[in-house]
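Here is a friendly walk through one protein chain, written for someone who likes to check geometry. Have the structure open beside you as you read.

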Amino acid sequence: MNLKVILLALITALSLIGCKTTSLTKTKETKRSYAVYNLKVPKEVSSSEMANAIKTALQSNTSSVRITEDLPPHPLPKESPRFQLVNPFGNNSALAALAGGSVKVPSCNGALIYAQAADSSMNAQGENTQFYTCLWQYEDGYHVDIYTQFDIVSGGLENLGKDLVRGLIGDSSQFIPRTIASIRNNLKALNAEASLVTAYPSNFESLLNNYQEQQ
């Protein structure tokens, strides 16, 4: 078959895909998700081991990690806390406006371990993912909350090629469940029992379960 015919067919196919996956309007989107697990951890497992399990999982899936191992609260709370979304700029409306007015980060007051990680490997493609992991100790065990934020820029002529590729293979948000499952699996490797309490969006549970646990 003539090479020009092949190229023409390929361009036509990509154009058809592009009609469905691209827009002439440049668009910035933020998508948030979370998963919350309850943990039953053997007494001999230390907080440092859990911190290392979380850190190792994040290091394997992101570009940078910052982790803090704090002191357990005293007395231990009867029920586990949950992360709360807060505006990091507080009441400073000017800074909030400069940041787009919709900046939210999870507050994990009293968490035994707090980790923040970023996957900047796709920044050049207009994609960025942030992970926030909070682990609390309470009377009946531990709770781990994993909150994510995925930012993506699409549309416009300058993103045409990127959008065409996304139409074929998807964007990097598809790897978020893999990272969360890696944290879960690393903690379970310490003989911890991990049960999913809640997750968002609604299809997250099935996506998380697609990643088999470590043997």
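Which side chains meet in a salt bridge of 2.8 Å, N to O, with Glu 127 as one partner? The side chain of Arg 166 is the partner of Glu 127, at 2.8 Å from N to O.

## Ground rules

This is a predicted model, in which local features need pLDDT of at least 70, side-chain atom pairs count only at pLDDT 80 or more, and totals for chains, interfaces and linings use all residues. Residues are numbered from 1 along each chain as its sequence is written, and side-chain values use heavy atoms, with hydrogens and water left out.

## The chain at a glance

The chain holds six helices and eight strands; these are DSSP runs numbered from the N terminus, with helices being H or I of at least four residues and strands being E of at least two. Along the sequence they follow the pattern α-β-α-β-β-α-β-β-β-β-α-α-β-α.

Of the 215 residues in the chain, 36% are buried. Here buried means under 20% relative accessible area, exposed means over 50%, and partly exposed is in between (1.4 Å probe, protein chains only). The accessible surface of the chain is about 12,500 Å², and carbon and sulfur atoms account for 53% of it; areas come from the Shrake-Rupley method with a 1.4 Å probe, and for residues only the protein chains shown count as cover. Among contacts (heavy atoms within 4.5 Å) between residues at least 6 apart in sequence, 74% join residues at least 24 apart.

## The sheet and its helix

Six strands form an open sheet in the order E2-E5-E6-E7-E1-E8, with antiparallel pairing; two strands pair if DSSP finds at least two bridges between them. At the edges are strand E2 (64-69) and strand E8 (193-200), each of which pairs on one side only. On average, neighbouring strands of this sheet are turned by 15 degrees against each other, direction ignored.

Strand E6 (residues 127-138) and strand E7 (residues 141-154) run antiparallel and are joined by twelve bridges. One place to look is Glu 127, whose bridge partner in E7 is Ile 152. Helix H5 (residues 176-188) packs on the sheet and touches strand E1 (27-40), E6, E7 and E8, while its direction makes about 160 degrees with that of E7. For these angles, axes are lines fitted to C-alpha atoms, for helices over the stretch in contact, and values run from 0 to 180 degrees between N-to-C directions.

## Salt bridges

The whole structure has four salt bridges, each defined as a side-chain nitrogen of Lys or Arg within 4 Å of a carboxyl oxygen of Asp or Glu. In one of them, the side chains of Arg 82 and Asp 145 meet at 3.6 Å, N to O. This pair links distant parts of the chain, 63 residues apart, with Arg 82 in the loop between E2 and E3 and Asp 145 in strand E7. Arg 82 is partly exposed at 35% relative accessible area, whereas Asp 145 is buried at 1%.

Back to the opening pair: Glu 127 and Arg 166 meet at 2.8 Å, N to O. Asp 163 and Arg 166 are three residues apart in helix H4, so about one helical turn separates them. Asp 163 is buried too, as is Arg 166. Through shared partners, Glu 127, Asp 163 and Arg 166 form one network of salt bridges.

## Backbone details

Most residues other than glycine have a negative phi, and most peptide bonds are trans. Now for some local departures. The bond from His 74 to Pro 75 is cis, with omega near -5 degrees, and Pro 75 lies in the loop between E2 and strand E3 (84-86). Tyr 200 and Pro 201 are also joined by a cis peptide bond, with omega about 5 degrees; Pro 201 is in the loop between E8 and helix H6 (204-209).

Asn 191 has a positive phi of about 70 degrees although it is not a glycine. Asn 191 sits in the loop between H5 and E8 and is exposed, with a relative accessible area of 61%.
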